[in-house]
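Here are a few exercises to work through with the model open beside you. Try each task before you read its solution.

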Amino acid sequence: MEPAHPAQESLIEIEKAGLRARDLVQQILAFSRRQPLRTEILDLREVVTEALKLLRSTLPAGIELLATLATDTPQVVADRTQIHQVLINLGTNAFHAVRGSAHGRIEISMTGVSVNSDPNGKPIGLGLPSGHYARLSVGDNGHGMDEATREHIFDPFFTTKGVGEGTGLGLAVVSGIAQSHGGKISVYSQPDKGTVFHLYLPAAPQTQTGTGQRILYLDDEEVLVRLYARTLERMGYRVRGYTNSHEALAAFNADPSGFDLMVTDLSMPGISGLEVAKEVLRLRPDLPVVLASGYLTQELRAQALAVGIREVLHKPASVDDLLATIKPLLVVAITVPQAVHPIA
Ligand SMILES: Nc1ncnc2c1ncn2[C@@H]1O[C@H](COP(=O)(O)OP(=O)(O)OP(=O)(O)O)[C@@H](O)[C@H]1O
Ligand SMILES: [Mg+2]
C-alpha cells in the first residue's frame, strides 16, 4: 500500500497492537514457567486431598470423582502451589470433557513408578532419566481427542473451546511446571474413549536423618524389632534390637554410656517396659526413653512421664511416626563457649 493510503494509519496501529500482544504473551509464559520455585519435600497426598476438595465443590453432583492414592508414592521436591495448579488445570479439562455425558467420571490417582534406562544407559519411554518417580494421574471418560488435536494441546493458546471458555493456556502451564520440576507430562487419549494425563515427578532423595546415634530397641515382637531396626539403620542410626527385657538390660548395664536413646514396648513377658525404663534411667537419667504401647491411657502416660520417660508412642506406629518421635529427642545440645571478651 502506498504511504498516502488512508488505511496506513490503521495498519501501523495493528502492527503495534500485535507486538504488544506478543510481549504480553511472552510475559505470561515467563510468569507461569519461570516463577521461582518454592520447593519443599512434599507429600503429594496432601496436595491431592486439597485439590480434590476444591474440585468436588466445583463439579456438578452428577460427575463422579474418584481418588486412588497409593501409599508407596514417594515424596517429591516440589512447589506445592504449582502442583495444586496442575491438578486444577487437568481436573478442569477433565470436567469439560465429560460435561454433558450421562456417566461422567474423573479419576485422580497417584503411585510410585520406576523408570528404567535401556541396557546402554539411554533413557527410554518418556525420555526421563532412570530412577524412581511419583506419578500423578488425572483420567476421564469424556470425549477424548484425535491425533491432530493431541499433537497441539501443550502449545500455548491452542484450544478447541469457544471464546470465553478456554484460552488454551492450561496445558502450556502444566507442561511448564512439569519441566521446571525435572519431570514430564504424558497423555493417552482416543476419541470417545476418554483421556488420561500422567505427571511424573522425580522422587525426593531419601535423606538420612541419623548420624550414627545408637538406639536400643526392645519389643517382644521379633518382626517389629527387625522391621524398625532395619529401617532405622537405613536412616543412619545404629540399632541394637532385643526381644527380651533381661537381655536388653544386661546389654545396657554392660555399657550404660553406649546408647543415645532407648525405645521399649510396654507390655512384655517378665519385666515390663516401664520397669526396664526405671532401671535404665537410674543409671542414665539423661537418656531419652520412648515407651511404645497399643493401649495408652491417660494414667499410663502420667506414670511414664513421672518415671522420666520422655515420650510415649502409640502402637501401631508407622516408621514415620517413630522417626518423628525420636528425632527431636536426639538433638545434640551444643555448648557455646563463653566469649572471652565482652562483645561491645
Ligand atoms: N481431558 C481432556 N479431554 C479431551 N480434550 C482435552 C482434555 N484436556 C485437554 N484437551 C484438549 O486440549 C486443549 C488444550 O487444553 P488447555 O487446558 O491447554 O486449554 P483449554 O482448556 O482449552 O483452555 P484453558 O485451560 O486456558 O481454560 C483443549 O481445548 C482440549 O481440546
Ligand atoms: Mg484447560
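A nonpolar core is a set of buried Ala, Val, Leu, Ile, Met, Phe, Trp, Tyr and Cys residues joined through side-chain atoms within 4.5 Å, where buried means under 20% relative accessible area, exposed over 50% and partly exposed in between (1.4 Å probe, protein chains only). This is a predicted model, in which local features need pLDDT of at least 70 and side-chain atom pairs count only at pLDDT 80 or more, while totals for chains, interfaces and linings use all residues. Residues are numbered from 1 along each chain as its sequence is written, and side-chain values use heavy atoms, leaving out hydrogens and water.

**Exercise 1.** Find which residues of the largest nonpolar core touch the most other members.

*Solution.* Start with the core itself, which has 38 residues. Leu44, Ile83, Leu87, Leu90, Ile106, Leu136 and Phe197 touch the most other members. Next, look at the elements, which are DSSP runs numbered from the N terminus (helices: H or I, at least four residues; strands: E, at least two). Those supplying at least two core residues each include α2 (44–58), β4 (105–115) and β7 (194–202). Helix α3 gives the most, with eight residues. Finally, a separate core of 24 residues includes Leu216 and Phe259.

**Exercise 2.** List the contacts of isoleucine 83 (heavy atoms within 4.5 Å), setting aside residues up to four places away in sequence.

*Solution.* Isoleucine 83 touches Leu42, Leu44, Val47, Ala78, Leu136, His181 and Leu201.

How values were computed: Chains lettered and ligands numbered in written order.
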